[in-house]
Amino acid sequence: MTESALRDELSNLPAPLRARLEAAGFDGERLVGLAAHLFARARGDATAPGEERNRVRGVVEAPRVGDIKEAPAPGTPAHERLATAGLETLRRGELAFCVMAGGMATRMGGVVKALVDALDGRTFLDLRLRENTTWSERAGSPVPLWLMTSEATDAPIRDALVRRRASPHVATFKQGLGLRLTNEGRLFREDDGQPSTYAPGHGDLPDALQRSGFLSSFVDRGGKYVWIANLDNLGATIDEALLGHHVAQGRDIQVEVTAKVAEDRGGIPVWADATDEAGHVVRRLQALEEFRLPKGFDASAVRVFNTNTFLVNAHALLHTRVRYSWFEVEKKVGNRTAVQFERLVQELTGAMEATYVQVPREGEASRFLPVKDFDELAMRKGQIHVVARARGML
């Protein structure tokens, strides 16, 4: 396979698929560039395996003393002061909440996770909608709730919003769409011969938000902050003290981390080289997934990891140029192996100055309650109920 052959395949895509890809911001030339090592491998030329290309280069160092802030403790003067500031920010209409809801729950039978019964007959979507109502009432005006969907989840979620008569400030926008390749760099095709599509990861969020127009309209109306969270982490909710903390720190992005337990794996804060908007290499404390760390780096020495919850300045989210890394991932499609390229929203931390705040994962104050399958949901239901009741989801 060659670059020109892949370009020919792309130019001959069915018109309906081409239209879907264009609407989703697909870049065919980028795919051709990402496939270069697949072409080289097919020719027999030496090329590093995907896992090596995914690793960062240069020196990587653990966080230093003082790099990780403690979340303001309830009942303290600092918490009260920050909570007051955060609530004032909300009442000025300066916050939007963005939930990543593009995933199909493959470990739950391939259903739309937003519509899975999470608690007492209420779906994850129901709980997020009720939380939004509670905070909109507290703020005295609607808090925009944006749901990032995918091709697989968009229609079912929009239908559910219609049935629930969701408020106009609750809206969906679709993430990007990619094309899978074979290991030789051809388009990977499904059993029916059609090119195989996929959602390229939650790193699509900034670009997809810009395409939607929601973010620019929000900024034009005086919006200043966007909270980003996973749909299935019901601990990641609006918190006025954490909002006040972010405003007080004055950084572009606030990253929530929590203590590691047992065999936890995830993005950890480390000092590593990054490329700024001008193309200069700078040292930044950024969240890197463990598969990106150099061989020999002891990830267990960093005792916190990223919960995938971020509070970002809206202007920076709209205008900062993020130089994304696209990670090669092998994916089983039926009994065959495909190659797809994904990006991560954590890469915002390489492009922006970040604050890291450690949040609790236990009890009523927990901000980390992920649910990946029905066993985990059953195990967490008691804690989810406590948190949901305390935060106006029920």
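Trainee: Which residue in strand 15 does Val 255 stand opposite?

Mentor: Val 255 stands opposite Phe 310. This is a predicted model, where local features need pLDDT of at least 70, side-chain atom pairs count only at pLDDT 80 or more, and totals for chains, interfaces and linings use all residues. Residues are numbered from 1 along each chain as its sequence is written, and side-chain values use heavy atoms, with hydrogens and water left out.

Trainee: What makes strand 12 and strand 15 a pair?

Mentor: Two strands pair if DSSP finds at least two bridges between them. Strand 12 (residues 253–259) and strand 15 (residues 304–313) have six bridges, in the antiparallel sense, so they meet that definition.

Trainee: In what order do the strands of the open sheet lie?

Mentor: The eight strands run 1-18-12-15-11-2-7-8, with mixed pairing.

Trainee: Why are strand 1 and strand 8 called edge strands?

Mentor: Strand 1 (68–70) and strand 8 (170–174) each pair on one side only.

Trainee: How do the axes of helix 6 and helix 11 cross?

Mentor: The axes (lines fitted to C-alpha atoms over the stretch in contact, with angles from 0 to 180 degrees between N-to-C directions) cross at roughly 90 degrees and come within 6 Å. Angles of 65 to 115 degrees count as roughly perpendicular, so helix 6 and helix 11 are roughly perpendicular to each other.

Trainee: Which residues meet there?

Mentor: Contact means heavy atoms within 4.5 Å. Among those in contact are Leu 82 and Leu 90 in helix 6, and Leu 243 and Val 247 in helix 11. The residues of this contact divide into nine nonpolar, five polar and one charged.

Note on methods: Helices (H or I, at least four residues) and strands (E, at least two) are DSSP runs, numbered from the N terminus. Angles under 35 degrees count as roughly parallel, over 145 as roughly antiparallel, 65 to 115 as roughly perpendicular and the rest as oblique. Ala, Val, Leu, Ile, Met, Phe, Trp, Tyr, Cys and Pro count as nonpolar, Asp, Glu, Lys and Arg as charged, and the others, Gly among them, as polar.
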